[in-house]
Amino acid sequence: MSELKRYQNPEVFERLAMDYAIGLMRGRARQRFETLMQRHLYLRAVTQAYEQYFAGLNECLPEQQPSEKVWQAIEQQLDLEKTSLHKMSQKTPSAPSPKKSTGLFAWWHTLGAQTAGFVASLALLFGIGFSLVNSGSVSAYVAMMESTDTQRPTIMATVKKGEGVYLHFIQQGSQQTTIPQGMTLRLWCIPKEGGVPMMMGDVSTHDDQVVKLDQAGWNDLRNVGRLAISLEPMQTKESTPQGDILYQGKLMIMSDND
Amino acid sequence: MNTEECDALLIRCAKHDSEAFRQLYAQTSAKMYAICLRIVKQDQLAEDVLQEAYVKIWHSADQYTQQKGKAVTWMATVVRNKALDKLRSLKIRPQETDVSYEGEEFASHDLAPEQLAHLSDDVQQLHQCLQQLKPIQRQAILMAYYQGYTHEELSNTMQKPLGTIKAWVRRGLEKLRTCLN
């Protein structure tokens, strides 16, 4: 029986979810289970339910104050990251209200009807179906990158395995992004757990362009939480964003096998 | 700790509200530190874990929704998983320090009505379900949860064969599952 089929047995699900929630699952078994939870909505939901149940055990723990240096260290670490992403927090557009997760459609519902229709068309154009996960691998990601300036277009970034990052400008507003002379738009990957952003390449305002991505870059995407585009001087190739963040959006797996 | 206030603070953290994060830390860090300390058993290690966990909470706050339950519960899961990760990364289990096991004693014994009244409904139900287990099953499960013991470590600590420990835990969890559902 394949590993996925084994985990699709509700009895097995429940037992393994409890083992994980209690903390008995270790090593490779734990890593495999966490990987499967990323892709299997039901497994994730059952495990989270048991984590919720058992978390009640913490309610009776007596509190103990950590030393002040812990908060100082947290502040320092986040400030350091803030220096690297120095305009990111100020430019963060309001996130859409979180919807009940249904795998593929979690982000779909946040789009307007016109944009959603466009996304479907683009998916078909690129030959991306809604069941791309095969043998446990991801074949595509997508990010809807929005600007704090509602007059600027939204950029849909589709990342296809073996190809690269396709950028499409959805002209919802009346204003195109203008780039001052000597400046360029630069695409970044922001790690899920924080840390220094990774530069992907320079982009223009031309529609339907692609930023190439090698196998190593594709593999790194599993640790990426957001994509962002900043405005940078053309001649410089700083390792962290220095200019204004114009667009950013959450990177999501475009398909789900749930 | 005001749990509803913590829910609101965590939601604000998702919008990069650093003041909300500071208030959230002030309200929750003592509880989260207690969770870390019981698993890794040493102050410095626990503080390292606490720092890593709160940084992760800051970066992952947008993954929390109220549909997932209380914010403190969500945070406790993050903190606990970080502590278990730290434990896994260490070659040997840290030596125990002067850590009170009041949490385990509480969960093991009957409670007076006035003690139960202070607990949330979920915890009261969990407590009642735990009382239905055999003492040895309950002890094994609580040691696994509070202190992060594996089956092998439980076997060494309780000086019972590994198969016996696995059977106790399995039957205990089955009973809990039936009771909680």
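Apart from its neighbours within four places in sequence, B:Thr73 is in contact (heavy atoms within 4.5 Å) with A:Gln52 and A:Ala55. The model is predicted, with local features requiring pLDDT of at least 70 and side-chain atom pairs pLDDT 80 or more, whereas totals for chains, interfaces and linings use all residues. Residues are numbered from 1 along each chain as its sequence is written, chains are lettered from A and ligands numbered from 1 in the order in which they are written, and side-chain values use heavy atoms, without hydrogens and water.

B:Thr73 lies in helix H4 (residues 71-89) of chain B; helices are DSSP runs of H or I with at least four residues, and strands are E runs of at least two, numbered from the N terminus. B:Thr73 is buried, its relative accessible area being 9% (buried means under 20%, with a 1.4 Å probe and protein chains only). The C-alpha atoms of B:Thr73 and B:Thr3 are 9.4 Å apart, although 70 residues separate the two along the chain.

Chain A contains nine helices and eight strands, and 45% of its 258 residues are buried. Within this chain, helix H3 (residues 27-39) packs against helix H4 (residues 41-55) at about 115°, with the axes 6 Å apart; axes are lines fitted to C-alpha atoms over the stretch in contact, and angles run from 0 to 180 degrees between N-to-C directions. H3(A) is therefore roughly perpendicular to H4(A) (65 to 115 degrees). The contact involves A:Phe33, A:Leu36, A:Met37, A:Gln38 and A:Arg39 of H3(A), together with A:Leu41, A:Leu43, A:Arg44 and A:Thr47 of H4(A).

Notes
Buried means under 20% relative accessible area, exposed over 50%, partly exposed in between (1.4 Å probe, protein chains only). Angles under 35 degrees count as roughly parallel, over 145 as roughly antiparallel, 65 to 115 as roughly perpendicular and the rest as oblique.
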